[in-house]
Amino acid sequence: MKVLVTGASGQLGKDVVKVFQEQGHDVVGYDREQLDITDMDQTMKIVGQYQSDAIIHCAAYTAVDAAETDMDTAYQVNAAGTRNMVLAAEEVGAKLVYISTDYVFDGTAEQPYHEYDNTNPQSIYGKSKRAGEVLTETLSSRYFIVRTSWVYGLYGNNFVKTMLKLGQEKSQLQVVNDQKGSPTYTVDLARFLAELIQTEKYGVYHASNSGSCTWYEFTQAIFQDAIEFLGTKIRATLEPCSTEQFPRPAARPRNSVMEHIAIRTNGLRDLRDWREALRDFLKEYIS
């Protein structure tokens, strides 16, 4: 299958390119320098040249806090840029995967979110990603919207790498214990996307590693596994704290756990438990 990947130098994009190539797909990846998705003419031209069967649209504006004061850029990339990719995909008859986020929900629900629950984003980042979803649903005839959460992998900065570093450097560490979600290992998400694009089962999907935890519990697991499997020396004493004790410019969802109903009802393979994925990542990261 001929596959075009946007955001190919990003955390998820790099693993998507790698996993898809390993599975024998003909993959071409574009980063921001090679493909400016906000430039409609350039997007149409590049997608038209490659004539791919599927497009994995990973490129996004993901600076959650910065988006609060840089609203236009967030919308330019996440909304207008996504519209350009959708139109280009339609032009060549390609399937399109739009990577979205748990931030499209307000995080106030008691239960995990279903794929077709009402969205209510609270941050500019969440609103701009939701705008990308709406444009995808409206303009594409062959789309998969894949919402994911708490993503980490070998490439780029992420929570797991930051905590490992801080755990070895600091004597005390406070981590938020009242925000709950599901960590997602980029390799597992990329493998799911590779399975998904082989199908015609279009629609909205929630895809994260199975199970859930708070950021504090996630950090506990990171430290535990780093000590047990890697022999890492962790100095930091871990303390739970509240969201109020750790104010940020953009609102975070208190509950961003998502049900994987679409994966199950479409007979696709669910992503494995987050603890198992974390152990595999840590072994890979240290080696």
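Author: We start with a charged pair: Asp-65 and Arg-252 meet through their side chains in a salt bridge, 2.6 Å from N to O. This is a predicted model, where local features need pLDDT of at least 70 and side-chain atom pairs count only at pLDDT 80 or more, while totals for chains, interfaces and linings use all residues. Residues are numbered from 1 along each chain as its sequence is written, and side-chain values use heavy atoms, with hydrogens and water left out.

Reader: Why is the contact between Asp-65 and Arg-252 called a salt bridge?

Author: The term requires a side-chain nitrogen of Lys or Arg within 4 Å of a carboxyl oxygen of Asp or Glu. Asp-65 and Arg-252 have N and O at 2.6 Å, so the pair qualifies.

Reader: What parts does the pair of Asp-65 and Arg-252 tie together?

Author: Asp-65 lies in the loop between β3 (54-57) and α3 (71-92). Arg-252 lies in the loop between β12 (237-241) and α8 (261-265). The pair therefore ties together parts that are 187 residues apart in sequence. Helices (H or I, at least four residues) and strands (E, at least two) are DSSP runs, numbered from the N terminus. Both Asp-65 and Arg-252 are buried.

Reader: What makes Asp-188 buried?

Author: Buried means under 20% relative accessible area, exposed over 50%, and partly exposed in between (1.4 Å probe, protein chains only). Asp-188 has 7% relative accessibility, so it counts as buried. Asp-188 also forms a salt bridge with Arg-272, with the closest N and O atoms 2.8 Å apart. Asp-188 is in helix α6 and Arg-272 in the loop between α8 and α9 (274-286), so this pair ties together parts 84 residues apart in sequence. A network of salt bridges links Asp-188, Arg-191, Arg-272, Glu-276 and Asp-280.

Reader: Where do Arg-279 and Asp-225 fall, buried or exposed or partly exposed?

Author: Arg-279 has 27% relative accessibility, so it counts as partly exposed. Asp-225 has 1%, so it counts as buried. The two form a salt bridge, with closest N and O atoms 4.0 Å apart. Across the whole structure, a search finds 17 salt bridges.

Reader: What makes Asp-106 a case without a salt bridge?

Author: Its nearest side chain of opposite charge, Arg-254, is 11 Å away. Lys and Arg count as positive and Asp and Glu as negative; His and the chain ends are not counted. Asp-106 sits in the loop between β4 (95-101) and α4 (124-139).

Reader: Which side chains make polar contacts with the side chain of Asp-106?

Author: The side chain of Thr-108 does, at 2.8 Å. That of Asn-120 does too, at 3.0 Å. A polar contact is a pair of N or O atoms within 3.5 Å; within protein, one must be able to donate a hydrogen and the other to accept it, and residues adjacent in sequence count only if both atoms are side-chain atoms.

Reader: Why is helix α6 called largely enclosed?

Author: Of its 11 residues (186-196), 9 are buried, so the rest of the structure largely encloses α6. Among them are Leu-189, Phe-192 and Leu-193.

Reader: Which residues touch the most other members of the largest nonpolar core?

Author: Phe-20, Ile-56, Val-146, Phe-192, Leu-193 and Phe-218, in a core of 54 residues. A nonpolar core is a set of buried Ala, Val, Leu, Ile, Met, Phe, Trp, Tyr and Cys residues joined through side-chain atoms within 4.5 Å. A second, separate core of 30 residues includes Ile-55, Ala-67, Tyr-125 and Ile-145.
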